Amino acid sequence: MTLTRLPADRAEHPEPAASAEPASLEAAAAEAAAAVPEAAVLAGRDAYRAELTRLARTDPRILCLEADLGGRSHPFAEEHPDRFFNLGIAEGAMIDMAAGLAMAGYRPFVSTFAPFAALRAAESLKLGLGYLGAGVSVVAPYAGVSGAWFGTTHHCLEDLAVVGSIPGVTIAAPYGEAEMRAVIRSAAASGRPHYIRTGRNATPVGLHPAADAAVPVVRWDALGGAAGAEAEVCLVSVGEVGTELCLAARAMRPELAHAHLCYLDQEHLATAAAELAERHSRFLVVEEHRPVGGVAAGLALLMPRCTVIGANAGSTWPSGGGDHEHVLAELGLDLAAVLDAADRAARH
Amino acid sequence: MSVLSTGPAPATEDTDRVVAELTERALAARRLIIDMAAGPRGCHLGGSLSVTDILIAALHRAGQDEATRVVLSKGHAAAALYAALHVSGVLPENPAPLYAEPGHHFTGHPNHVLPGVLFPTGSLGHGLPYAAGWALAQRLSGTPGLTVAVLGDGELQEGLVWEACQVAAARRLGALTVVVDRNGGQNDGLVADISPLPNLVERFTAFGFEATEVDGHNPSELHAVFRARRDPDGPPLAVVAHTVKGKGVRAVEGKAGSHYVSIDAAKAAKWKRFVK
């Protein structure tokens, strides 16, 4: 599996020093163009920034807050400088301040890496978004191990467990630009607390049809085969990596069904479980998360008459470098593992 | 320079009358707090009695100016907040008989469903950034008004406080006033013994605040602080209010052991008779 990504992380970290002479501008541009898919799509966080910037043109309540990880050129800051606040490296204060802004009638969106949003500022999420119900949207890139060679401090395989246990917070893990934009639109319109998880720079094209309107609770994958109610196993994909893996698995095994879930909080999962169980009885949930507190664990409780197993990031601490795929391989979350797990689900 | 809506007291304001009113309210609030200590579960008495005068004065300002909000960050002093809200006319119900009782919202740390309570506080450190966010919103919406965050001195040991101070100073939230109830005590004993906080005024000044000190039991000084002119785009204000834990009840005044107290009705009656 290869996640498509832009060549360089433009914002928060310098790239490792190049060993050769600096490339010419022309060569760098050509390299970037080659790395970007033909129908260029935005990575999750770029899609978030673009959509929020667009929405803010007509909604003066929208504010954009960053904690020093928004990059030096942020489209929202450029277009709406009076409503953009880089509060510095202060994640807990940022989320609490956003709660204060929301209670005063604004619709603040805050963004920082998933480990800092969901783990360092977990209590702020519990109290501000959960208990108080403040309409803050937290957009968290670097979910899973998409931080790759930046190491374990920048990984986040625990956020669904933490945030999922906080009642009242809508959780989304969009796949592709269109779905991210749809989730941002919905969050801005609702004014309800959201936690929106995305990767680093991966640019999945998205599922068809594109989520240009509301994102369905269950998106049934219509591509890749004729699998339907007769399918022995239904893959359930979560997030960018989970969905890429499920698409790859289904390309090899068209007999598998595939349902993609974007919204992952308990309320949405309960609705999704009812729809899933109407069609299938054996499920393999693929997610870039720990097994404890993940979507598979949640669905298993909601579908006691069904078989639900997971292909996930396991319980080890990845400590090696490399790209995203290397770290996923270190965790044992790859196509082979998914196909293996699908076989196990079929035998259940 | 733009200023908040409240300027110097109008010539017609009878400061002596206001101070007398604040004094009377504080006394009534202290009696309610003692009642709560005499309830079946007791209350955080020492820190409630130390912060009472601060809350009464801040709520007086809020009563004069609807854009002003008061956030009690040291939420364990909920008994004082409920009492102060009641005697200030914000909370219609007498909180004392309902404090910590099943089915009622007068919990041991403030519940935001109550009138006059904007944020749930008590997990220390959160009240200040909530207030900073509120102050920023007021600036964005062009609403004049003061946002007052009341913290304990022990609470200043929380990292989140200084994270929020850094942001508030950097953003020049001049409508934000941070009051530190400097009673010198915390749960396990004296602040000075556990993790001292010397040079508080200098600390806030170093962060970019304006800072001052007051007698936290002097209604005249407190009233003056809350009605002084502030530049909403200037530095935020820190007020180190020197207080006495357990203030007003001789049996517990200045005693670290007054942090959480449960008493019987007879003792409560006696304390209420002599409370100052």
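**Figure 1. His60(B) in helix α2 of chain B.** In this predicted model, His60(B) lies within helix α2 of chain B, which covers residues 45-64. His60(B) has a relative accessible area of 12% and is therefore buried, the limit for that class being under 20%. When neighbours within four places in sequence are left aside, the contacts of His60(B) are with Val18(B), Leu22(B), Arg25(B) and His223(B).

Figure 2. Chain A contains 13 helices and 11 strands, and 56% of its 348 residues count as buried. Among its contacts between residues at least 6 apart in sequence, 74% join residues at least 24 apart. The mean pLDDT of chain A is 88, with 85% of its residues reaching 70 or more. Over residues 1-38 of chain A, however, the pLDDT is below 50, although this stretch has 56 contacts in the model beyond near neighbours in sequence.

**Figure 3. The largest nonpolar core, seen around Leu299(A).** The largest nonpolar core holds 93 residues, of which Leu299(A) and Phe204(B) touch the most other members. With residues up to four places away in sequence not counted, Leu299(A) touches Val236(A), Leu261(A), Leu269(A), Ala273(A), Leu276(A), Val285(A) and Val308(A). Another core, of 56 residues, lies apart from it and includes Ala57(B), Ala62(B), Leu81(B) and Val225(B). In soluble globular proteins, nonpolar side chains tend to be buried together.

**Figure 4. Helix α9 of chain A and the elements that cover it.** Helix α9 of chain A comprises the 14 residues 239-252, which at 1.5 Å a residue should span 20 Å, and the distance of 20 Å between its end C-alpha atoms agrees with this. The helix is mostly covered, since 10 of its 14 residues are buried; among them are Gly239(A), Glu240(A), Arg250(A) and Cys246(A). The elements of chain A that cover the buried residues of α9(A) include the helices α2 (44-55), α12 (324-331) and α13 (335-347), together with the strands β8 (234-238), β9 (257-261) and β10 (282-286).

**Figure 5. The packing of α9(A) against α13(A).** The axes of α9(A) and α13(A) are 10 Å apart and the two helices pack at an angle of about 65°, in a crossing that is right-handed. On the side of α9(A) the contact is made by Leu245(A), Ala248(A), Ala249(A) and Met252(A), and on the side of α13(A) by Leu335(A), Val338(A) and Leu339(A).

**Figure 6. Helix α6 of chain A, with neighbours from both chains.** In helix α6 of chain A, which runs over residues 122-131, the buried residues are Ser124(A), Leu125(A), Leu127(A), Gly128(A), Leu129(A) and Gly130(A). These buried residues pack against α4 (91-103), α5 (114-120), β4 (137-140), α7 (159-164) and β6 (194-197) of chain A, and also against α4 (127-140) of chain B. Just after α6(A), Gly133(A) takes a positive phi of about 70°.

Figure 7. Tyr142(A), in the loop between β4 and α7 of chain A, has a phi near 70°, a positive value in a residue other than glycine. With a relative accessible area of 0%, Tyr142(A) is buried. Ala100(B), in the loop between α3 (78-87) and α4 of chain B, likewise is not a glycine and has a positive phi of about 65°. Ala100(B) is partly exposed, with a relative accessible area of 23%.

Definitions and conventions. Residues numbered from 1 in each chain as written. Chains lettered and ligands numbered in written order. Predicted model: local features only at pLDDT ≥ 70, side-chain atom pairs only at ≥ 80, totals over all residues. Heavy atoms only, no water. pLDDT = per-residue confidence, 0-100. Contact = heavy atoms within 4.5 Å. Core = buried A, V, L, I, M, F, W, Y, C linked by side-chain atoms within 4.5 Å. Buried < 20%, exposed > 50% of the residue type's maximum accessible area, 1.4 Å probe, protein only. Helix = DSSP H or I, 4+ residues; strand = E, 2+ residues; numbered from the N terminus. Expected span 1.5 Å × (residues − 1). Axes fitted to C-alpha atoms, helices over the stretch in contact; angles between N-to-C directions. Left-handed = near helix turned anticlockwise from the far one by under 90°.
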